[in-house]
Amino acid sequence: MSLTANTRGALFMVVAMAGFTCNDALVKSVTHSMNAGQILFIRGMMTSVLVLGIAAWMGAICSWRVLVQPAVLLRLVAEIIASLAYVSALGAMPLANTSAILQSLPLAVTLGAALFLGETVGWRRWAAILAGFVGVLIVIRPGPEGFSLAAIYVIASVVGAATRDLSTRRISRDVPSIFISAATAIAITMVGGALVVPLGGWQPMTLETLARLAGASVLLLVGYQTIVNAMRVGEISFIAPFRYTSLIWAMTIGFLAFGEIPDFWMAVGVAIIVASGLYAFSRENIRKQPPVAQESKPESP
């Protein structure tokens with residue numbers, strides 16, 4: 001039985017979210033034994049080898065002068081900030097919490113597009129953005145002393161990821177996506193290596209730890225490739241809501257692997273984030289539809 005484009009896109013999105021979330025879980029499992037810089041360095045080396053191999057096989061290696069283009073450079077810096085902040089957050093917060101807050105990314109991208117790219121955002125989507133960020137605050141629940149360091153980490157990762165996505169829109173289509181991914185992986189590896197000593201120094205690793213990071217690098221690559229396929233084969237308005245399946249993975253893995261049990265307020269915050277995101281997706285879909293001429297109604301007898 002052949003699948004429709006939207007069905008295949010939805011399946012790709014589900015696989016992508018599973019890949020990203022399982023990668024997060026493997027990274028979280030080693031945060032107690034090494035710092036974020038060492039994790040990014042080791043995982044980055046493995047990912048760089050994989051992505052560079054694919055880029056070379058595809059003939060997608062470009063001149064490195066491409067990297068000094070403002071949009072490309074901004075994307076690299078934003079991705080480094082997002083990766084470093086998110087790995088740091090994984091070591092300090094429950095997996096489900098970090099995943100839930102990350103689901104506000106589409107709303108953050110919409111906000112950034114309105115503020116910096118001049119895109120029109122109606123009052124309904126502004127309301128959805130505000131509601132989504134209220135949901136984030138409920139998940140974080142800052143105390144009287146303000147935001148915790150872990151909360152700042154995960155918020156920084158959302159800002160960095162949103163900046164990455166917005167800057168990607170400004171990159172010329174002549175630059176292959178796989179080349180950008182390879183350059184990003186190498187840049188993160190270099191920054192991770194530079195931060196190993198400032199963040200506490202190199203820690204010895206067991207074979208099991210290396211295996212977990214190797215698995216994380218493969219899953220990360222799977223996530224990147226399948227999410228690209230998802231966006232290319234179906235309608236974004238239909239496929240995008242399936243990104244919330246990552247919450248199911250995060251809660252399940254968090255409970256089984258780390259003994260994390262979401263409380264009532266965490267569930268409320270997640271519900272608000274998901275509902276506001278779905279509403280924003282629906283409004284975006286309506287906005288993109290061409291206007292339909294109003295049909296004249298027959299006069300009443």
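Reader: Which side chain meets aspartate 263 in a salt bridge?

Author: That would be arginine 141, at 2.9 Å, N to O. Bear in mind that this is a predicted model.

Reader: And where do aspartate 263 and arginine 141 lie?

Author: Aspartate 263 is in the loop between α11 (245-258) and α12 (264-288), and arginine 141 is in the loop between α6 and α7, so the pair ties together parts 122 residues apart in sequence.

Reader: Is aspartate 263 buried, exposed or partly exposed?

Author: Partly exposed, because its relative accessibility is 36%. Arginine 141 is partly exposed as well, with a relative accessible area of 37%.

Reader: How many salt bridges does the count come to?

Author: Five. One of them joins arginine 164 to glutamate 79, at 3.3 Å, N to O. That pair links distant parts of the chain, with arginine 164 in helix α7 (residues 149-168) and glutamate 79 in helix α3, 85 residues apart.

Reader: Are arginine 164 and glutamate 79 buried or exposed?

Author: Both are buried.

Reader: OK, what about glutamate 208, what does it form a salt bridge with?

Author: With arginine 212, and the closest N and O atoms are 2.5 Å apart. Both lie in helix α9, four residues apart, which is about one turn of the helix. There is also a network: Glu79, Arg164 and Asp165 are joined by salt bridges that share partners.

Reader: What do the buried residues of α8 pack against?

Author: Against α2 (36-58), α3 (70-90) and α9 (207-233). Among the buried residues of α8 are Ile178, Phe179, Ile180 and Gly192.

Reader: Which residues make the nonpolar surface patch?

Author: Val15, Leu50, Val218 and Val222, for about 270 Å². Valine 222 is in helix α9 and counts as partly exposed, because its relative accessibility is 32%.

Reader: Last topic, aromatics. How many aromatic pairs does a search of the whole structure find?

Author: Three. For phenylalanine 264 and tryptophan 265, the ring centres are 5.1 Å apart and the planes sit at 75 degrees, so that pair is edge-to-face.

Reader: Why is phenylalanine 264 exposed?

Author: Because its relative accessible area is 57%, and exposed means over 50%. Tryptophan 265, at 47% relative accessibility, counts as partly exposed.

How values were computed. Residues are numbered from 1 along each chain as its sequence is written. This is a predicted model: local features need pLDDT of at least 70, side-chain atom pairs count only at pLDDT 80 or more; totals for chains, interfaces and linings use all residues. Side-chain values use heavy atoms; hydrogens and water are left out. Buried means under 20% relative accessible area, exposed over 50%, partly exposed in between (1.4 Å probe, protein chains only). Helices (H or I, at least four residues) and strands (E, at least two) are DSSP runs, numbered from the N terminus. Contact means heavy atoms within 4.5 Å. Patches are made of residues with over 30% relative accessible area and no salt bridge: like charges are joined within 9 Å, nonpolar side chains (Val, Leu, Ile, Met, Phe, Trp, Tyr) within 5 Å. Accessible areas come from the Shrake-Rupley method with a 1.4 Å probe; for residues, only the protein chains shown count as cover. A salt bridge is a side-chain nitrogen of Lys or Arg within 4 Å of a carboxyl oxygen of Asp or Glu. Rings of Phe, Tyr and Trp (its six-membered ring) pair if their centres lie within 6.5 Å; planes under 30 degrees apart count as stacked, over 60 as edge-to-face and the rest as tilted.
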